[in-house]
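Hi everyone, thanks for making time for this one.

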Amino acid sequence: MCADSKANCWNRWLSSSVAGTIHLGRTSQVWKIRISDDAGKLTCVSRLTMAALERPKDETQAR
């Protein structure tokens with residue numbers, strides 16, 4: 001399993017965030033996250049890459 005996260009933040013104050021997909025594949029996902037302050041000014045941009053794992057069919061198959 002792999003994951004990677006990269007964030008560039010230039011202000012610690014935040015009030016809202018918006019996340020959206022860049023890529024939704026069968027085995028991997030890439031998401032973008034934008035965080036803004038109360039005035040709507042962008043304070044942080046992040047990109048998250050992760051592995052997409054198949055769900056177990058039932059609880060007896062879960063590890």
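Let me begin with the surface. The protein chain exposes about 5,500 Å², and 52% of that comes from carbon and sulfur atoms. Please keep in mind that this is a predicted model. The chain has 63 residues, and 13% of them are buried.

Now the fold. As for contacts in the chain with a separation of 6 or more, 40% of them are between residues 24 or more positions apart.

Next, the covalent link. How many disulfides does the count come to? The count comes to 1 disulfide, and it joins Cys 9 to Cys 44, with an S to S distance of 2.1 Å. This pair links distant parts of the chain: Cys 9 sits in strand β1, residues 3-9, while Cys 44 sits in strand β4, residues 42-51, and the two are 35 residues apart. Is Cys 44 buried or exposed? Cys 44 counts as buried because its relative accessibility is 5%, and the cut-off for buried is under 20%.

Asp 37 is placed in the loop between β3, residues 28-36, and β4. Asp 37 is buried, yet it has no salt bridge. Which side chain of opposite charge is nearest to Asp 37? That is Lys 41, at 5.9 Å, whereas a salt bridge has to be within 4 Å. But look at the backbone of Lys 41: the side chain of Asp 37 reaches the backbone nitrogen there, at 2.8 Å. In short, Asp 37 meets the backbone nitrogen of Lys 41, with no salt bridge to go with it.

So where do we find a salt bridge? The count comes to 1, and the partners are Lys 57 and Glu 54, whose closest N and O atoms are 3.5 Å apart. How accessible are the two partners? Lys 57 counts as exposed because its relative accessibility is 65%. Glu 54 is exposed too, given its relative accessible area of 68%; the cut-off for exposed is over 50%.

To put the two charged sites side by side: Asp 37 is buried without a salt bridge, while Lys 57 forms one with Glu 54.

Definitions and conventions
Residues are numbered from 1 along each chain as its sequence is written. This is a predicted model: local features need pLDDT of at least 70, side-chain atom pairs count only at pLDDT 80 or more; totals for chains, interfaces and linings use all residues. Side-chain values use heavy atoms; hydrogens and water are left out. Buried means under 20% relative accessible area, exposed over 50%, partly exposed in between (1.4 Å probe, protein chains only). Contact means heavy atoms within 4.5 Å. Accessible areas come from the Shrake-Rupley method with a 1.4 Å probe; for residues, only the protein chains shown count as cover. A disulfide is a pair of cysteine sulfur atoms within 2.5 Å. Helices (H or I, at least four residues) and strands (E, at least two) are DSSP runs, numbered from the N terminus. Lys and Arg count as positive and Asp and Glu as negative; His and the chain ends are not counted. A polar contact is a pair of N or O atoms within 3.5 Å; within protein, one must be able to donate a hydrogen and the other to accept it, and residues adjacent in sequence count only if both atoms are side-chain atoms.
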